[in-house]
Amino acid sequence: MSPSPDVLCRELQATVGPTHVLVDPDMRAGYETDWTGRFHGASRLVVRPGTTHEVAAVVRICAAHNAAIVTQGGNTGLVGGGVPRNHEVIVSTARLTRCDAVDTAASQVTVGSGVTLAAARNHARAVALDLAIDFASRDSATIGGAVATNAGGSRVIRFGTMRAQVAGIEAVLANGEIIGSLSGLPKETIGLHLPSLLCGSEGTLAIITAVRLKLVPWYRHTATALVGLPSLAAALDLLPALRRELAQLDSIELLMPSAMSLVCEHLQRTCPIPVDAGAYLLIECAGNSDQHDELMRVLALHAPTNATAVATDETARGRLLELRDNVTTAINHRGVPLKLDVALPLGVLSQTTADIEALINRLAPKSTLINFGHLAEGNLHLNTLNAGSADATITDQVLQMVIARGGAISAEHGIGIAKTHWLVAQRGAAEVDALRSLKASLDPHKMLNPGVLLPEA
Ligand SMILES: Cc1cc2nc3c(=O)[nH]c(=O)nc-3n(C[C@H](O)[C@H](O)[C@H](O)COP(=O)(O)OP(=O)(O)OC[C@H]3O[C@@H](n4cnc5c(N)ncnc54)[C@H](O)[C@@H]3O)c2cc1C
């Protein structure tokens, strides 16, 4: 028989201190609803351990009381994986904020999983290094959350996703054992690579407590161009030249007209380039010398259009980048969107985007679709507002179309609870069974994030 919640609470209080166990509904509320407002549920309590050993003790206490856990970092995830569903205990990583001295020879640093992307970046920049991952929720999203979701963002074209930034990991298993290594050896062939296993595991296999991060140079010269192109197809036509000729290419962000007009309205600005383009690209080059001339040369050659704004100083670049950074917030100001984050092979991206637009228009004629994404990875963020009762049908038909055309139902946000239903269609029954076996061996009592990522058998 399970002991009463009070016993669990008292044991947790004795482990982490009474102020770090939140039972009051008002105190818990911020942890129980996701960033979009779409996913929410009541928790049993919130516990905020301050060290890896406290995390291990918390997990052991929860296991002894048969209390399932939802791990939460910055709560900026967009697929509902970090909020409770069934009175779980929320383990918040907010106090796991160690920031070790940067190892400049190895170009690595060890940080706690609760450190935000912005804090890790600032820490690295203090010694002229940088974090390779960047996206708009950087002030709240944590390193642990970014690893758990294998986050992407704007610089994937140059440095890869979060998976590529992890040189070592420390984590607590469902039985309370601490595993992993933070030595960060670049060459280490001694069996399965634990960081790879935990990247994208969305809190279902272990609680990540610290990460050894690879760092990259902090480039002091960045040029940012906003380019308007007639269509998404024209933007894709530009891609080979950008990749081939811009050695310091750092990012290519895509805003479709719906996203550009919404964000301009939200920021009360006019679009910096005077056209009604069919697609907008924010292109960045970053290096150790001035990037302006090279970027302009390539654009003049391959995208000879008046619809270009280029900035190199921080203020002017910031004015261009805020257009991309504020799209998600602008959408949320309009209402709770249906969010789909998909990736498609570049060869079918333009046609599939048109087909998805037509599909959503047919299924929910009164809805508004706002598209943006990361062009080089074929990553589209499809946000539908006012879809009404068509939400489920839109999700199903769009994801089936994406799978049929060789795409991915999640490019960077993860599966969470939003997309478990389509995992078998995407990965096949045999592969999902293998993932279930892995989960069962590491977490036989379904303690960690039950219901997330893997569909019920
Ligand atoms: C404005 C905005 C812009 C965004 N832009 C991008 C983008 O460009 N690219 C992108 O990839 N994402 C983007 N996101 C999504 C989100 O920020 C990322 O998924 C981020 O990595 C989540 O980090 P978090 O700390 O907030 O995690 P949470 O939301 O707290 O959790 C996300 C998942 O990770 C698990 N988790 C969290 N911490 C741990 C841990 N220590 N150990 C084990 N599991 C853990 C949770 O259980 C949950 O399943 C954006 C979100 C917003 C709100």
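The questions and answers below concern a predicted model and go through its sheets, one of its helices and the surroundings of its ligand.

Me: In the open sheet of four strands, which strands stand at the edges?
Reply: The four strands follow the order E5-E9-E7-E8, and their pairing is antiparallel. An edge strand has a single partner strand, so one side of it is left without a neighbour in the sheet. In this sheet the strands at the edges are E5 (108-112) and E8 (178-181).

Me: Which residue of E9 does Thr110 stand opposite?
Reply: Strand E5 pairs with strand E9, residues 207-214, in the antiparallel sense, and five bridges hold the record of that pairing. Within E9, the residue that stands opposite Thr110 is Arg212.

Me: What angle does the direction of helix H3 make with that of E7?
Reply: Helix H3, which spans residues 52-64, packs on the sheet and touches E8 and E9 as well as strand E7 (166-172). Taken against the direction of E7, the direction of H3 makes an angle of about 45°.

Me: In the open sheet of seven strands, which strands have a single partner strand?
Reply: The order of this sheet is E14-E11-E13-E12-E16-E17-E15, with antiparallel pairing.

Me: How many residues of strand E11 are buried?
Reply: Strand E11, residues 221-229, pairs with E13 (residues 279-287) over nine bridges in the antiparallel sense, and four bridges join E11 to E14 (residues 308-311), again antiparallel. In these pairings Ala223 has Cys285 as its bridge partner in E13, while Ala225 has Val310 in E14. Strand E11 is largely enclosed by the rest of the structure, because its buried residues number eight of the nine.

Me: Which residue of E13 does Ser251 stand opposite?
Reply: Strand E12, residues 249-255, runs antiparallel to E13 and is joined to it by six bridges. The residue of E13 that stands opposite Ser251 is Glu284.

Me: Which helix packs on the sheet and touches E11, E12, E13, E14 and strand E16?
Reply: The direction of this helix makes about 50° with that of E11, and the strand E16 that it touches covers 368-374. The helix consists of residues 314-325 and is H11.

Me: What arc do the buried residues of helix H2 cover around the axis?
Reply: In H2, residues 25-32, the buried residues are Arg28, Tyr31 and Glu32. They lie on the same side of H2, because the arc that they cover is only 95°.

Me: Which residues are exposed on the other side of H2?
Reply: The buried residues of H2 pack against strands E1 (21-22), E2 (45-47), E3 (69-72) and E4 (89-92). At the start of H2, a side-chain oxygen of Asp24 comes to within 2.8 Å of the backbone nitrogen of Asp26. The exposed residues on the other side of H2 are Asp26 and Gly30.

Me: How many residues surround the ligand?
Reply: The closest residues are Thr71, Thr76, Gly77, Ser137 and Thr142. Oxygen atoms of the ligand lie 2.7 Å from a backbone N or O atom of Gly77, 3.3 Å from a polar backbone atom of Gly81 and 3.5 Å from a backbone N or O atom of Gly145. The number of residues that surround the ligand is 36.

Technical notes. Residues are numbered from 1 along each chain as its sequence is written. This is a predicted model: local features need pLDDT of at least 70, side-chain atom pairs count only at pLDDT 80 or more; totals for chains, interfaces and linings use all residues. Side-chain values use heavy atoms; hydrogens and water are left out. Two strands pair if DSSP finds at least two bridges between them. Helices (H or I, at least four residues) and strands (E, at least two) are DSSP runs, numbered from the N terminus. Contact means heavy atoms within 4.5 Å. Axes are lines fitted to C-alpha atoms, for helices over the stretch in contact, and angles run from 0 to 180 degrees between N-to-C directions. Buried means under 20% relative accessible area, exposed over 50%, partly exposed in between (1.4 Å probe, protein chains only). The arc is that of the directions from the helix axis to the C-beta atoms. A polar contact is a pair of N or O atoms within 3.5 Å; within protein, one must be able to donate a hydrogen and the other to accept it, and residues adjacent in sequence count only if both atoms are side-chain atoms. A residue is near a molecule or strand if one of its heavy atoms lies within 4 Å of it.
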